[in-house]
Amino acid sequence: MTVITSFILLGISLKFKLKGRVFYQQLLTRNNKSCFFYGPHWFENIQYWYKIENSAFQYEIHDAPQKDEGIDYNHVVLTDLNTEIAGVVVDGLNIQGLINRLAVKEKSGFYLADFKSNVVIDSNAIHLTEANLISTGSSLNFDLDMKFQKWTDFKSFSNKIKLDAKFDK
């Protein structure tokens with residue numbers, strides 16, 4: 001199965017190419033009984049599980065100049081995108097889950113061989129714990145907090161997002 005979705009909004013185009021299998025599952029627990037649902041249902045106490053295999057993603061700002069070296073954040077092309085995210089629980093504005101696997105190649109040559117982490121997102125921070133990142137020539141184990149006042153702070157990442165990281169030796 002191949003699904004291609006593309007749209008342009010305010011001069012930015014996004015393209016998703018999902019090849020192979022895409023899995024999406026929800027687990028609802030009520031009265032100590034488990035029920036499985038497939039599709040976009042919204043209930044409290046739901047755990048989500050996602051798996052995407054051999055897919056691609058493209059992000060492009062049309063009027064931005066092309067960069068010749070390194071990652072061009074205005075013209076991102078990701079291929080061989082593989083991810084598995086488990087135990088995602090949405091509780092109001094809080095989200096938590098486990099990234100079991102994230103691997104991807106970027107057109108610049110950057111290769112993320114594997115990324116794993118526990119993730120908690122709340123209204124003022126993104127917390128990564130027991131994170132493990134493996135790329136070409138690098139292997140890191142760390143905890144990372146990205147603290148902010150409001151989500152729009154990400155528009156000025158280097159000025160408004162506070163990073164607190166602890167790396168294992």
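Predicted model: local features only at pLDDT ≥ 70, side-chain atom pairs only at ≥ 80, totals over all residues.
**Entry 1: D114 and K116**

The side chain of D114 meets that of K116 in a salt bridge, with 3.6 Å from N to O. For K116 I noted a relative accessible area of 37%, so this residue is partly exposed.

How many salt bridges does the structure hold? I count three. Side chains of opposite charge can pair when their charged atoms come close.

I took K51 and E53 next; their side chains form a salt bridge at 3.4 Å, N to O. Is E53 buried or exposed? E53 counts as buried, with 17% relative accessibility. K51 has a relative accessible area of 24% and is partly exposed.

The remaining entry in my list joins the side chains of D80 and K105, at 3.3 Å from N to O. D80 belongs to strand β6 (residues 75-91) and K105 to strand β7 (residues 94-106), so this pair ties together parts that are 25 residues apart in sequence. I found D80 partly exposed, with a relative accessible area of 36%. K105 is also listed as partly exposed, with 36%.

**Entry 2: K105 and its surroundings**

I stayed with K105. Which ring does the charged end of K105 sit over? The ring is that of Y111, and the charged end is 5.7 Å from its centre. On the strand side, T79 stands opposite K105 in β7.

**Entry 3: β6 and β7**

I then checked how the two strands are joined. β6 and β7 run antiparallel, with ten bridges between them. They form a hairpin that has two residues between the strands. In the turn I noted G92, which has a positive phi of about 65°.

L78 is placed in strand β6. Which residues does L78 contact, leaving aside its neighbours within four places in sequence? I listed S55, A56, F57, V104, K105 and E106. I also looked at L78 against F110: the two are 32 residues apart in sequence, and their C-alpha atoms are 9.7 Å apart in space.

**Entry 4: aromatic rings**

I ran through the aromatic pairs of the whole structure and have five. One of them is W151 with F154: the ring centres are 5.7 Å apart and the planes stand at 20°, so the pair is stacked. Stacked requires planes under 30 degrees apart. A pair of aromatic rings is described by the distance of the centres and the angle of the planes.

W151 has a relative accessible area of 46% and is partly exposed. F154 is partly exposed as well, at 28% relative accessibility. Which residues form one aromatic cluster? I wrote down F148, W151, F154 and F157.

**Entry 5: β10 and β11**

I moved on to strand β11 (residues 162-167). How many of its six residues are buried? The count is zero, and the strand is hardly covered. β11 is joined to strand β10 (residues 138-147) by six bridges, and the two run antiparallel. Within this pairing I noted D143, which stands opposite K166 in β11.

**Entry 6: the chain as a whole**

I closed with the totals. The chain has one helix and eleven strands. Along the sequence I read the pattern β-β-β-β-β-β-β-β-β-β-α-β. The chain has 169 residues, and 27% of them count as buried. Of the contacts with a separation of 6 or more, 37% are between residues 24 or more positions apart.

**Entry 7: confidence**

What is the average pLDDT of the chain? I have 78, with 71% of the residues scoring at least 70. Where does pLDDT stay under 50? I marked residues 20-45, for which the model has 52 contacts beyond four places in sequence.

Conventions
Residues numbered from 1 in each chain as written. Heavy atoms only, no water. Salt bridge = Lys/Arg side-chain N within 4 Å of Asp/Glu carboxyl O. Buried < 20%, exposed > 50% of the residue type's maximum accessible area, 1.4 Å probe, protein only. Helix = DSSP H or I, 4+ residues; strand = E, 2+ residues; numbered from the N terminus. Phe/Tyr/Trp six-rings, centres within 6.5 Å; stacked < 30°, edge-to-face > 60°. Lys NZ or Arg CZ within 6 Å of the ring centre and 35° of its normal. pLDDT = per-residue confidence, 0-100. Contact = heavy atoms within 4.5 Å. Pairing = 2+ DSSP bridges.
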